[in-house]
2 protein chains.
Amino acid sequence: MNTVFKALNDPTRREILQLLQERDMTAGEIVEQFTISGPSISHHLDLLKQANLVIAEKEGQYVYYSLNTTVVDEILKWFMQFKPKKK
Amino acid sequence: MNTVFKALNDPTRREILQLLQERDMTAGEIVEQFTISGPSISHHLDLLKQANLVIAEKEGQYVYYSLNTTVVDEILKWFMQFKPKKK
DNA sequence: TTAATATTTAGATATTTGTCTAAATATATA
DNA sequence: TATATATTTAGACAAATATCTAAATATTAA
């Protein structure tokens, strides 16, 4: 959970997740969506990868990033503990 | 969402939320559950308050903290956007 | 093989964050 | 009123973080 919350605690990284929710993208395509440098985005992608929120797959000289939706369920489960008990 | 994720990005603060899920507690009672100093806990409580995750109510010389569960729904909704679309 | 393109790694730097102690504030009690 | 208790505020400091530029690595194309 620690790496997940760390990864989510940045607006750029949350935007990246939202982009990938639409479609898979290469690192370069993601960089184009922002004004910050390539290396910075690369670092953000690394943190998202560490948190298992995204998956990276190399295809030739490109690296395709996609959302790893299975982790979302874990997060949802974590938050459900705070939903007030029924009745 | 920014303040929420900031607040959640710390193990102590997440533990505080879990404690408050059990029952409301005074600042002092919360401090007792940890080895870190009172002022540090007070700071954590402030961040949780800023994120609307907890509510503080003064009663005499004590301050009672309780979970604000309404925000949980907002967070859950935010995460639902990443659930893969049906079909 | 050489040059171009895509991406990551390394290292530097300014900002943010978590923690502490000391002091301030507020309330209750003797 | 003076003292004790509960909590927060202020200020300092070390560690973590987001960003940058320059360099390294990998792949494709000429």
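The largest cavity is lined by A:Leu8, A:Leu17, A:Leu53, A:Leu67, A:Asn68, A:Val72, A:Ile75, B:Phe79 and B:Phe82, where a cavity is a set of points on a 1 Å grid over the protein atoms alone at which a 1.4 Å probe fits but cannot get out, and lining residues have an atom within 4 Å of a point. The model is predicted, with local features needing pLDDT of at least 70 and side-chain atom pairs pLDDT 80 or more, while totals for chains, interfaces and linings use all residues. Residues are numbered from 1 along each chain as its sequence is written, chains are lettered from A in the order in which they are written, and side-chain values use heavy atoms, without hydrogens and water.

The volume of the largest cavity is about 60 Å³, taken as the space filled by probe spheres set on the grid points, which are joined across faces, edges and corners. The second largest cavity holds about 50 Å³, and its lining includes A:Trp78, A:Phe79 and A:Phe82 together with B:Leu8 and B:Leu17.

Turning to the interface, 25 residues of chain B are in contact (heavy atoms within 4.5 Å) with 25 residues of chain A. B:Arg14, B:Phe79 and B:Phe82 supply 25% of the area that chain B buries against chain A, more than any other three residues, buried area being the accessible area (1.4 Å probe) that two parts lose on being put together, summed over both. A salt bridge (a side-chain nitrogen of Lys or Arg within 4 Å of a carboxyl oxygen of Asp or Glu) joins the side chains of A:Asp73 and B:Lys83 at 2.5 Å, N to O, and the rule finds 2 salt bridges across this interface.

Technical notes:
On a 1 Å grid over the protein atoms alone, a cavity is a set of points where a 1.4 Å probe fits but cannot get out, and a pocket is an open set with protein on both sides within 12 Å along at least five of seven lines; lining residues have an atom within 4 Å of a point.
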